[in-house]
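Good morning, and thank you for coming. I would ask you to keep the structure on the screen while I speak.

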Amino acid sequence: MRPGFFLACRQTMTLLPPIQLPKIDFAREFTFSDADYERVRRLIHRTAGIALGPSKKDMVYGRLVRRIRELKLAGFTAYVDLLESPAGRGEFEQFVNALTTNLTFFFREDHHFPLLAEHLKQKAGQEVSIWCAASSTGEEPYSIAITALEALGANARVSILATDLDTSVLETGRRGVYGADKIARLPAGMAARYFDKLPDGNYQARAQLRNLIRFERLNLADSVWPARKPFDAIFCRNVMIYFDRDTQAGVLRRFVPMLKPDGLLFVGHSENFYFASDLFHLRGKTVYEHAARAAARG
């Protein structure tokens, strides 16, 4: 190879013109202005307590554009105009459902359930009531029901109120039908004890479980909650992370009379309510008790 070959190649390469890539048009189907997004943010915060930050604009577009197509509207401005008009009352439920996150699976955050079992065993022979305040498609309340039956036996006197803002997921919970992929997350042996395999390959929770749970719509941002009696435990996991601080504080204050003096409040792994230490005291990993009970125990 002759001397200077690599240098000549390098010089030749530097003389090549830059490659011109074709321009790709990423224009959206509908214009979604900052003003439109601000109106959506105010509307979902006022009605559901959900605080959407600036980074959620693309997510909101993706979830609401389907409704705009289905309704054959001109765009986001027309859609929010509809929501804010008397004619939009029927659409409002679809709007809220579209912006609600429903990630869940059986025995999610599994460190909670042994503590729940111990709590329930202390109440053997008593009537026990539990509120699952963000039930989604039902995996969480069914996990609670299984834990109760495992701890207290088949004749356990347990009632579970399962509520959610999203009406579309509540019917899934009532039916209690889940795919094999979801059932596979259950601890060993529990699928055979508590679920029946259906001809289509899905699984349905047995009546023994379904009869313990009542599914109802409840918006934590509403001024009145249909839930009345104090509960032995409240599960409100991975929902208040979407609320701003004021909304979180308001919900926690309303939880105080809803939880029995020895009751436990279970929250999500990303939720920390140190700012409400006058209301609730950390009992364990993301599990709280009444601050007054903790103070009395010293």
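Let me begin with a definition: a pocket here is an open set of grid points with protein on both sides within 12 Å along at least five of seven lines, and its lining residues have an atom within 4 Å of a point. Please also bear in mind that this is a predicted model.

With that in place, how many residues line the largest pocket? There are 33, and those nearest the centre of the pocket are Thr 100, Thr 101, Asn 238, Val 239 and Tyr 242. The space in this largest pocket comes to about 640 Å³. Sorted by class, its lining consists of 16 nonpolar residues, 11 polar residues and six charged ones.

Is Ser 129 buried or exposed? Its relative accessibility is 5%, so Ser 129 counts as buried, the cut-off being under 20%. The side chain of Ser 129 comes to 3.4 Å from the backbone oxygen of Pro 230. Leaving aside residues up to four places away in sequence, Ser 129 is in contact with Ser 159 and with Lys 229, Pro 230, Phe 231, Asp 232 and Ala 233.

Now to the strands. Strand β10, residues 287-290, pairs with β8, residues 259-267, in the antiparallel sense over two bridges. Within that pairing, Leu 265 has Tyr 288 of β10 as its bridge partner. Strand β10 also pairs with β9, residues 280-284, again antiparallel, this time over four bridges. Here Phe 280 stands opposite His 290 in β10. Strands β9 and β10 form a hairpin with two residues between them.

What is the phi of Thr 286, in the turn of that hairpin? The angle is positive, about 55 degrees, and Thr 286 is a residue other than glycine. As background, most residues other than glycine have a negative phi. With a relative accessibility of 11%, Thr 286 counts as buried.

A positive phi of about 55 degrees is also found at Glu 109, which is not a glycine. Where does Glu 109 lie? Its place is the loop between α5, residues 89-98, and α6, residues 112-121. Glu 109 is buried, because its relative accessible area is 11%, and the limit for that class is under 20%.

Leu 198 sits in the loop between β4, residues 195-197, and β5, residues 203-205. Apart from residues up to four places away in sequence, Leu 198 touches Val 177, Tyr 203 and Gln 204. Leu 198 and Val 177 are 21 residues apart along the chain, and their C-alpha atoms are separated by 8.9 Å. The relative accessibility of Leu 198 is 24%, so this residue counts as partly exposed.

To close, I would return to the pocket: Asn 238, Val 239 and Tyr 242 are among the residues nearest its centre. Thank you for your attention.

Methods: Residues numbered from 1 in each chain as written. Predicted model: local features only at pLDDT ≥ 70, side-chain atom pairs only at ≥ 80, totals over all residues. Heavy atoms only, no water. 1 Å grid on protein atoms, 1.4 Å probe; cavity = no way out; pocket = protein on both sides within 12 Å on 5 of 7 lines; lining within 4 Å. Points joined across faces, edges and corners; volume = space filled by probe spheres on them. Nonpolar A, V, L, I, M, F, W, Y, C, P; charged D, E, K, R; others polar. Buried < 20%, exposed > 50% of the residue type's maximum accessible area, 1.4 Å probe, protein only. Polar contact = N/O pair within 3.5 Å; in protein donor to acceptor, adjacent residues only side chain to side chain. Contact = heavy atoms within 4.5 Å. Pairing = 2+ DSSP bridges.
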